Every structure is written in structure tokens, then in C-alpha cells.
Amino acid sequence: MAGWPVTSFGISSSVTSKLAINGGEPIRTAPWPSWPVWDRTVEKEIADMYRTGNWYRSTGNLCQEFEKKYAELVGAKHCLATASGTTSLSVALHSLGIDAGDEVLVSPFTFIATYNVIFMAKALPVFVDTDPETFLMDPKKIEERITERTTAILPVHIYGYPCDMDAINAIAKKHNLKVIEDACQAWSAKYKGKNAGTLGDLGCFSFQNSKHLPAGEGGAVVGNHDEVMDICYSYHNCGSPYGGIKSDSPYPIRGANFRMQHVQALILMSQMKRFTDDAALREQNATYLDNKLKNIPGIVPCKKVDGAEKSAYHLYPIRYKKEEFNNASRDTFMKALSSEGIPSMKGYGKQNKDGLIEDALTSRGYKRLFGDKWLDSWREKNVLPGNDQLTEEAVAFYQSMLLGSKKDMDDIVNAITKIYENRRQLG
Ligand SMILES: Cc1ncc(COP(=O)(O)O)c(C=O)c1O
């Protein structure tokens, strides 16, 4: 709001303002940038493709064209386009040999698909605690969760913040484990000069509608290992022979149909034209927010791990410390923010206790595969204090808000500053 004096945080102040949640004037009433954003040039390309009748992968080459471009974008030798991020993770798990009765170490602070795919493989997700400062799998907590059944680690670059991949890869090497990166929110996030998704054995991406490269639905697996990628291609296409997989049988390996359609590839290639500029703008605005918000007591921006050069900022996350805000609950803080014209979301809950987990653990198949004693021990060890803390403190802003102007970012900072300075009004 123009004309306010400057506070100690370097932001315009409203020391005497009535909070909008209590009927005061809001910081902002203007709408935020919406998502997805598209131009009309792709309409003709879609119509042209439609008229050929070549709509599916095996006729036409648009999916293949997209794969080449995406591999170049992320710096991987191979890219396989898939129907979704979920299916890309399923392809990766299967192709790296994750099997029924295995355990996969996974982050609990993630979208549910990350561990749904482990259940789909009839393996057991073993949740590694989260470092609340980084929102990511805490490498110090990995080794204590390894058992003789562990075959893989599935770290998640959540909100686009790269995990501590050197530490994770070192542990994987020591214990002979595969590493599958869930980079479904981390397109072109950078760690030590490389892109997220190219740091483990395989990396998986999502192009669902909310994502920075949206196509309604879509996904990709990227990797550098020829033979593993041949299995990925083959598995996602009903197990048909591919590359080095030669056989007289039309279906030499097990498979599924996880193919992308050409229409998705066309939308993705058109979205790629704006991707780099969008990413730069998000980064610029997120850095601006980091520098401003860290000065407000009780607001803690997410910390990047050592070596993480760039987040993709699928969301812009902070932690909210209610002690500094007159003990107002996070829900109250978020309602106050919303009243000031700033939408936000909480992020993930205590998903290591989700109903679907007991649904699996009490199923006939899991009891047969693991036995009651093993499953009881899993339940006992499923204690994650760091993650519990984070699920109570996290607040995040939508990625599309980061496509706004500096003035838009100031609205976020001003709203939080106003709420902080008037925290007594939160009751
Ligand atoms: C971290 C993470 N993993 C996996 C997925 C699954 O991707 P999709 O929705 O494309 O199946 C998503 C998508 O929201 C995600 O955010």
C-alpha cells in the first residue's frame, strides 16, 4: 500500500492498521497471475496433428521430438515421455528392479503419488524424517532406516528445492541401493551444476496442469544408462522390445501402457518456449522474498542445502512460528493473509500416518509379503519428529504468484509485516 512509513524490516508499515480479517482495508484486492498461461500458436499445430489421425506415439514423432528437447533442457542422455509423473515413477521403480517385498526409503513430505507408486510395486515405503529447515529428506536419518529389504532411495525435490544428492548418493553407493529422484516439481532446479533428475539412477518429472511445464497430464523419466532406459521404454510400451532388448517374442518383458499422446507433446513444446523466462522471473522474485521475509520475526524462508544452486519454486515455502505472532494458529495467520489479499496453502500433512498406509499394511498381500512381525516393527519406527514439526509450520505461496511484479512481492511482504505488527489483533 503506497505511502506507508518504512519499518525496521525495510517494508512499508501499518503499525496502527486494522487487519483486514477484522474489517480493515486489505493490502491488496487485485487478482494474482493465473495458471496455466498459453498462446494461440499451438492451436494450429494441434489442429494439423488432429487432421493426420496420427494421435498416438507409435504413429507420428511429436512425443519423440519432445523427448529430445526435454533431454537437452535437463542435460540427460535419454528422456522417455510418459502419461504422467505417477507413471514415470512406476516405470523407474520397475526398470531399476524394485520388486514385491522390497523396502524403498522415501520422503514423507511429498505428494501422495510418490509413495503410492511404491505400493503399486508391492514394496513398502519406509519414511525417512524431514529436515524442517530444508523441507527435504534428512540424509542423517537415512542409514538408521536401512534393512536387508531396502533396495532404493526415493528422494523428493519438493517444491523444486534440490535434495542433498551427494550425501544421498554416497549412502546409496555404500549400501548398493538405487536412487530414483522424484523431480516432479523440480524442472531445471540445479545442484552443483547439474539439473535435478540427472543426479541419481533415474529422474522423474510431472507435466500435470499445475506444473511449470503443463500439458494437462504428462510425465518423463530421464537417465543416462542405455540399458536401463531401454527397459523404461519397453516397460512403458506394454513390454515391447526396444533398443538393446532383442527378442523373437513380441513382449519379452512385463509392461504397461504408460504412453504420452502427441497432443501432450505439442502443448509441452509450446510451453517450453516460455519456460526459461518464467523460471528466471520466479527465481528473481523468490530471492527478493527470501531477503525481505527473513527479517520478519517468526517467518523462516526455506533453506537450500549446500550445493543447491537453484530451486524451481513450484511453491514458495516459509515456516510460520506462532510464538512470534501472539500464539495465533497457522490457520488464523493464513486467514489473515487471505483477508489481506494473499492466498496461501499449508502443504502436506502427517502423511506417514495416512489411511492408505494401514490399508496396505493390513491387506492380505502385504501380510503375506512381509509378515505381521515386520509390519509391526515398521509401525513402531514410523516416528518422524522433524516432519511432524514441518507439517505444523509450513505455509506456501503458489508458483504463479512468483510470476508477478516486484510490487506484487511487496504486497506479500507488506501483508505479513502488517499482520506481524498487529499480531495482538489475531486474538
Ligand atoms: C512430488 C510429486 N510426485 C509425483 C507427482 C505425480 O505426478 P502426476 O500428477 O503427473 O501423476 C506429483 C504431481 O503432483 C508431485 O508433485
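The model is predicted, and residues are numbered from 1 along each chain.

**Stop 1: the ligand**

Select the ligand and the residues around it. There are 16 of them, and G85, T86, D182, S206 and K211 come nearest. Now show side chains and look at the polar atoms.

- T86: an N or O atom of the side chain is 2.5 Å from an oxygen atom of the ligand.
- S206: a polar side-chain atom lies 2.7 Å from an oxygen atom of the ligand.

How much of the ligand does the protein bury? Taken alone, the ligand exposes 390 Å², and the protein buries 91% of that.

**Stop 2: the pocket and its shell**

The ligand takes up the space of the largest pocket. Next, colour by element. Two elements give two or more residues each to the shell: α3 (85-95) and α4 (113-120). Which of them gives the most? Select α3: with three residues, α3 gives the most to the shell around the ligand.

Nine residues are polar, five are nonpolar and two are charged.

**Stop 3: an aromatic pair**

Leave the ligand and select the aromatic rings. The whole structure holds 22 aromatic pairs. Zoom in on one of them, F66 and F207. The ring centres are 5.5 Å apart and the planes stand at 90°, so this pair is edge-to-face.

Now trace the chain from each ring. F66 belongs to helix α2 (residues 62-74), while F207 is in the loop between β10 (202-206) and β11 (219-223). The pair therefore ties together parts that are 141 residues apart in sequence.

**Stop 4: two backbone spots**

Switch to a backbone view and select W35 and P36. Is the peptide bond between W35 and P36 cis or trans? The bond is cis, with omega near 0°. P36 is found in the segment before α1 (41-52).

Finish at N176. Its phi is near 55°, a positive value in a residue other than glycine. To place N176, look at the loop between α5 (165-174) and β7 (178-182).

Methods:
This is a predicted model: local features need pLDDT of at least 70, side-chain atom pairs count only at pLDDT 80 or more; totals for chains, interfaces and linings use all residues. Side-chain values use heavy atoms; hydrogens and water are left out. A residue is near a molecule or strand if one of its heavy atoms lies within 4 Å of it. A polar contact is a pair of N or O atoms within 3.5 Å; within protein, one must be able to donate a hydrogen and the other to accept it, and residues adjacent in sequence count only if both atoms are side-chain atoms. Accessible areas come from the Shrake-Rupley method with a 1.4 Å probe; for residues, only the protein chains shown count as cover. On a 1 Å grid over the protein atoms alone, a cavity is a set of points where a 1.4 Å probe fits but cannot get out, and a pocket is an open set with protein on both sides within 12 Å along at least five of seven lines; lining residues have an atom within 4 Å of a point. A molecule sits in a cavity or pocket if more than half of its atoms lie within 2 Å of its grid points. Helices (H or I, at least four residues) and strands (E, at least two) are DSSP runs, numbered from the N terminus. Ala, Val, Leu, Ile, Met, Phe, Trp, Tyr, Cys and Pro count as nonpolar, Asp, Glu, Lys and Arg as charged, and the others, Gly among them, as polar. Rings of Phe, Tyr and Trp (its six-membered ring) pair if their centres lie within 6.5 Å; planes under 30 degrees apart count as stacked, over 60 as edge-to-face and the rest as tilted.
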